[in-house]
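Me: Please take a close look at one topic here, the pairing of charged side chains. Then go on to the rest of the model in one connected account.

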Amino acid sequence: MQIWSWHGFFTYLGSPYIFRGALITVIMTVVSMMMGFLLGLLTAVMKRSQHRVLSWPARFYVWFFRGTPLLVQLVVIYTGLPKLDIRLSVLACSIIGLTLNEAAYLAEIIRAGLNAVPTGQIAAARALGLSERQIAWRIAFPQAFRLIIPPLGNSVNGLLKTTSVTSVISMEELMQRSQILVQDQFMVLELFSVAALYYLLMTTAWDFLQRRIEHYAERPYRRQQKTAAVEAIELPATTQDAR
Amino acid sequence: MPYIDVRDVCVRHGKNETLRHAGFEAERGDIVSFIGPSGSGKTTFLRTLIGLQPVWQGQMDVHGRNVDMAAPASARILREQAAIVFQQYGLFGHMSVLRNLTLAPTVVAKRSRREAEHEARALLERLGLADKADVLPADLSGGQKQRVAIARALMLRPALLLLDEPTSALDPHKVRDVGVLLRDLAQDGMTIIQVSHAMGVVSSLSDRIVLLEDGQVRAVGTGRGYAAQQPDIAAFMNTHGGDAATDPAGSRSDPDH
């Protein structure tokens, strides 16, 4: 038996079966990330609330979903919901599990971002007559969002690969499909190399996207740098004039 | 009837009374200074005037209007009457100086953006900041930040301008500039209320000085140039920094803040 088959590698690389698996991985990541972000934002805001009615459920949620394995959460959702007569597809169960799990981590990232917004700005906004909602959307969120993009990027990268855990509830994503084919032809190295390549491709695409998002979030600050640069050029001239 | 009359303000933290039946009066265009030892309640008192500090009870008559300061809706009414400049300014870091000025007028008072920007530029011009409209707060000096914060407060056309320690974060040579600016504003009819540790500024600038001690008004001095001669106030000033232009070190650790 040969060590490495290029033929096998390229066959699997071009395989629609594997490609569709990768597509499912992307779909699960994108949907879970977006829903997880919204749920995480809500959880972070609740956890920061001074009212215990709001902060305690949020604390419990984060404590529970960060403290138990995703694998267990998925199995419980997959086997538990039908017992309540709620029948969902494997994909739906996977996305629910990933969302609930991811939101717990994102809540902490978002909370860190919100905590970093100086309290003096919040008090000033309040004194200027802005409502709590206006303060959140116009003062707190924009500044917090800029700060949390790098850790958010980590989360997306992590989630892309964590989706493979959904194979325990028979979700046929990229990793699961690779393993199915391994059992067929035993080309372990070739297949897993193809899978790794797909993951790299997806994370690279995300890297690119993340840079664009950062570029967008830095917009107001960039205009500032330009002004500072112009001043830096003009400064020596004025000093010369003074002499 | 005085232009502003604040009476009987009480603030409680549990069983602790941090402000007990405090009050003062002022005429339009007066500069009023709250002084007193650390923990005497002067910053708390200032914050009650704009609804940032809930009160147990208290009445304010301002500009011919009575406000029950303990009523739940009072914060909104107080913020229509007053604007505040914090010690650390609280400028919005992600917005240009111009947007810092126009935010509240456009989203709270619903004025048109164009009109607000026009007024903001005129204000910046008056305060010598015409070229800073598009700059971010991070790129301003301390003195410039403060003038932007004052301009932002003035955009609301308040009857009362409140300042918390306006000179404590400034270089000594900038302190005089602030005094000149405040005097200018007062001459235009703005009533100014400040908390200050800088006794030199207080005695030269104030039309009224309110000495707080242990949450109570201990003494009031009136008359520009004379206010500081009230015996209790003079005694307090003698023991607290004399004519120091700037805040004696340690204001940042003041439990008032």
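Reply: B:Arg111 forms a salt bridge with B:Glu119, and their closest N and O atoms are 2.3 Å apart. The term salt bridge stands for a side-chain nitrogen of Lys or Arg within 4 Å of a carboxyl oxygen of Asp or Glu. This is a predicted model, in which local features need pLDDT of at least 70 and side-chain atom pairs count only at pLDDT 80 or more, while totals for chains, interfaces and linings use all residues. Residues are numbered from 1 along each chain as its sequence is written, chains are lettered from A and ligands numbered from 1 in the order in which they are written, and side-chain values use heavy atoms, with hydrogens and water left out.

B:Arg111 counts as buried, at 15% relative accessibility; buried means under 20% relative accessible area, exposed over 50%, and partly exposed in between (1.4 Å probe, protein chains only). A network of salt bridges links B:Arg111, B:Glu115, B:Glu119 and B:Arg157. Side chains of opposite charge can pair when their charged atoms come close.

B:Arg224 forms a salt bridge with B:Asp207, with 3.3 Å between the closest N and O atoms. B:Arg224 lies in the loop between S10 and helix H8 (231-239) of chain B and B:Asp207 in the loop between helix H7 (199-205) and S9 of chain B, so this pair ties together parts that are 17 residues apart in sequence. Helices (H or I, at least four residues) and strands (E, at least two) are DSSP runs, numbered from the N terminus. B:Arg224 is partly exposed at 43%, whereas B:Asp207 is buried at 11%.

In a further pair, B:Asp232 and B:Arg218 form a salt bridge, the closest N and O atoms being 3.9 Å apart. B:Asp232 is in helix H8 of chain B and B:Arg218 in strand S10 of chain B, so parts that are 14 residues apart in sequence are tied together. B:Asp232 is partly exposed at 30%, and B:Arg218 is partly exposed at 44%. Over all chains the count comes to 23 salt bridges.

Between chain B and chain A, however, the count is zero salt bridges. Five residue pairs are in polar contact across that interface, both residues at pLDDT 80 or more. A polar contact is a pair of N or O atoms within 3.5 Å; within protein, one must be able to donate a hydrogen and the other to accept it, and residues adjacent in sequence count only if both atoms are side-chain atoms. Helix H3 (residues 97-107) of chain B gives the largest share of the side of chain B that touches chain A, four residues.

There are 25 residues of chain B in contact (heavy atoms within 4.5 Å) with 22 residues of chain A. The two chains bury about 2,000 Å² between them, 65% of it on carbon and sulfur atoms; buried area is the accessible area (1.4 Å probe) that two parts lose on being put together, summed over both.

B:Asp214, in the loop between strand S9 (208-213) and strand S10 (216-222) of chain B, has a positive phi of about 55° although it is not a glycine. B:Asp214 is exposed, with a relative accessible area of 55%.
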